[in-house]
Amino acid sequence: MESSASSFQRTLVARASAARDAQLTRAAKRKRVLDEDEFVAALDRIIERDYFPGLPLLRAQHELLLAIEADDPERARRAYAMVGAATPAA
């Protein structure tokens, strides 16, 4: 009786180990190694998103001011659209 219980336990451990190995293999296949430029760009986006969420709006407003200063109506229209897109919804 005891041998069947230990056999059952070994079977369960083997199944769990196989499932974990399969899960790790799938996770390893999904990973992609970035080159330095891609890594830095991704890190910049994450830092901007998490620590400076208002920065896209400031960039769009700056572009609008430059367009108005340059008296370029088409550039001003595009910049105004960027301001509208960068403004958080209330």
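A27 belongs to helix α1, which comprises residues 2-30. The coordinates discussed here are those of a predicted model. With a relative accessible area of 23%, A27 is classed as partly exposed, because a residue counts as buried under 20% and as exposed over 50%.

A27 may also be related to F8, 19 residues away in sequence. From C-alpha to C-alpha, A27 and F8 are 29 Å apart in space.

## Overall architecture

The secondary structure consists of four helices and zero strands. Read along the sequence, these elements give the pattern α-α-α-α.

The radius of gyration of the protein is 28 Å, whereas a compact globule of 90 residues would have a value near 12 Å. The C-alpha trace spans about 90 × 35 × 20 Å along its principal axes. Of the 90 residues in the protein, 10% are buried.

## The pairing of α3 and α4

Helix α3 covers residues 55-69 and helix α4 covers residues 73-86. Their axes come within 8 Å and cross at roughly 160 degrees. The crossing angle therefore makes α3 roughly antiparallel to α4, since angles over 145 degrees are placed in that class. The crossing of α3 past α4 is left-handed.

On the α3 side, the contact involves P56, L57, A60, Q61, E63, L64, L66 and A67. Their counterparts in α4 are R75, A76, A79, Y80, M82, V83 and A86. By residue class, the contact of α3 with α4 contains 12 nonpolar residues, one polar residue and two charged residues.

## The loop between α3 and α4

D71 is located in the loop between α3 and α4. The phi angle of D71 is positive, at about 55 degrees, although this residue is not a glycine. D71 has a relative accessibility of 67% and so counts as exposed, the cut-off for that class being over 50%.

## An arginine of α4

R78 lies in helix α4. Is R78 buried, partly exposed or exposed? Its relative accessibility is 49%, so R78 counts as partly exposed; the exposed class requires a value over 50%.

R59 is 19 residues from R78 along the chain. The C-alpha atoms of R78 and R59 are separated by 13 Å. For A27 and F8, likewise 19 residues apart in sequence, the C-alpha separation is 29 Å. The R78 residue belongs to α4, and A27 to α1.

Conventions. Residues numbered from 1 in each chain as written. Predicted model: local features only at pLDDT ≥ 70, side-chain atom pairs only at ≥ 80, totals over all residues. Heavy atoms only, no water. Axes fitted to C-alpha atoms, helices over the stretch in contact; angles between N-to-C directions. Helix = DSSP H or I, 4+ residues; strand = E, 2+ residues; numbered from the N terminus. Parallel < 35°, antiparallel > 145°, perpendicular 65-115°, else oblique. Left-handed = near helix turned anticlockwise from the far one by under 90°. Contact = heavy atoms within 4.5 Å. Nonpolar A, V, L, I, M, F, W, Y, C, P; charged D, E, K, R; others polar. Rg over C-alpha atoms; globule rule 2.2 N^0.38 Å. Buried < 20%, exposed > 50% of the residue type's maximum accessible area, 1.4 Å probe, protein only.
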